[in-house]
Number of protein chains: 4
Amino acid sequence: MPVQTSLETLTLDEALQMISAARKKAEDLKVPSNIAVVDAGGNLLAFERMNGAWLGSIQIAQDKAYTARAFDMSTKELAKLSGPDGPLFGIHTQPNIVIFAGGIPVKRGDQVVGAIGSSGGTVDQDQKIAEAGVHGLR
Amino acid sequence: MPVQTSLETLTLDEALQMISAARKKAEDLKVPSNIAVVDAGGNLLAFERMNGAWLGSIQIAQDKAYTARAFDMSTKELAKLSGPDGPLFGIHTQPNIVIFAGGIPVKRGDQVVGAIGSSGGTVDQDQKIAEAGVHGLR
Amino acid sequence: MPVQTSLETLTLDEALQMISAARKKAEDLKVPSNIAVVDAGGNLLAFERMNGAWLGSIQIAQDKAYTARAFDMSTKELAKLSGPDGPLFGIHTQPNIVIFAGGIPVKRGDQVVGAIGSSGGTVDQDQKIAEAGVHGLR
Amino acid sequence: MPVQTSLETLTLDEALQMISAARKKAEDLKVPSNIAVVDAGGNLLAFERMNGAWLGSIQIAQDKAYTARAFDMSTKELAKLSGPDGPLFGIHTQPNIVIFAGGIPVKRGDQVVGAIGSSGGTVDQDQKIAEAGVHGLR
């Protein structure tokens, strides 16, 4: 494995592009959402809570983004591994790890450079909103 | 979605009306209970522990009220979504989120203005006591 | 030392009497306050947040009551011992221990049966409000 | 004291206006900053971390905003009250309470509707950046 001497990472501008696109999707779906983006280090870059979004999802949106970067897979994929019969059953009791769909890692080339998390609707809606965020990255 | 520049919220007097009605129900059921009310911001407004109520339920009653406001649904509904096959499986590992029945949001018009949480009996009893609290609001 | 086989303790009714008297004093002083009462075990019995009281004082009021019972002295006395030159310097870094005036233990005979804590004004105001609460005990 | 049945609060758009103005000031001062805005309930509305801003300040910026709302005063004012001889000495050991300048409450009329917090530079710089944010509110 080659040694990495740098972390490719999202910038704040990119994070805001993503949140803007995700928010537009959330407005289309009429789902007030909390949307967060973390960088390659898993640390919060930007966050927005839409009018009327659940208070309980403020932390969850951030945790979804963190989780997606922490395991370099979407929280939707992670959820599949975390059921009672899955190999990762119980992982959600780790601090800041959540297993609800709506957290997606973002790649540049083959490196994960950060992640987005959305929370406020059903997990299907959250997933769509997060996907819109990833696609909003120019 | 219309932008809210103010949050309708419960007052202390309303919180005390609710706790009084809930406590009366708890006395009828002979269930020593912890009863809490939070405002629209999810912050504690009032709390009472009846004689003999479980110490372990002091925090749970508060968490039920917070959870009901945090997701604008009763903890009973949330519980249904949080089983091993539910879309919100694992949500109870978030700080201050509980999935035991007995937490109910309170509305004024179509806005959630706070919530009540009761803990100390079975979840069915807790639910009935919290419901009595909501109905006690004049 | 005689062995205690019972804890003399405040009841919920007594806690509500105290909070009611303290709240009246706070209204007279025009200081929106958070007021808490703990029992002989140091556990929360009752709490009220007046309209407009500081959010940051919700926990502090509870901590004042707990601290006053935890050391069986007023937080005002404890504060004197906790300055940079005092024997208890640094005690406030213990969980739930605060050294602001406004927490007062309550006695029945020579036993501490609980405590009241008030927070929301200056420490002098908080102290007066807590004192009014103690005097309100019938 | 009049009873409030609603809390005037910042909107997300207002929060973003404030962060945008604060960020511009931070760029002028060449201070990579973390900037957060909370609503009337003390809950996070929006957050941005500028390129190169301290990771350790992600939470501090949020705590500054929360603290300014929790006590309806700037963290700079609170700091003055929190010295070894001040009436609030030790308050910084409460969860999420910080006493570094850079947190400022925001008013609409005479009601506090939220707060901004900035962290990443000296406390003087953080204060200037937060002030610029407040002035950026249209």
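Chain C and chain D bury about 1,600 Å² between them, where buried area is the accessible area (1.4 Å probe) lost on putting two parts together, summed over both. Carbon and sulfur atoms carry 68% of this area. On the side of chain C, the most area is lost by C:Asn51, C:Trp54 and C:Leu55, together 36% of what that side buries. The contact (heavy atoms within 4.5 Å) takes 24 residues from chain C and 22 residues from chain D. Zero salt bridges are counted between the two chains; such a bridge needs a side-chain nitrogen of Lys or Arg within 4 Å of a carboxyl oxygen of Asp or Glu.

The model is predicted: local features need pLDDT of at least 70, side-chain atom pairs count only at pLDDT 80 or more, and totals for chains, interfaces and linings use all residues. Residues are numbered from 1 along each chain as its sequence is written, chains are lettered from A and ligands numbered from 1 in the order in which they are written, and side-chain values use heavy atoms, without hydrogens and water.

Chain C superposes on chain D by a rotation of 91° with 0.8 Å of shift along its axis (RMSD 0.2 Å). That is the relation of a four-fold axis. The copies use different surfaces: 17% of the contact residues of chain C recur in chain D. Within chain C, the C-alpha of C:Thr93 comes closest to the rotation axis, at 4.1 Å.

Key
Least-squares fit on C-alpha atoms with pLDDT ≥ 70 in both.
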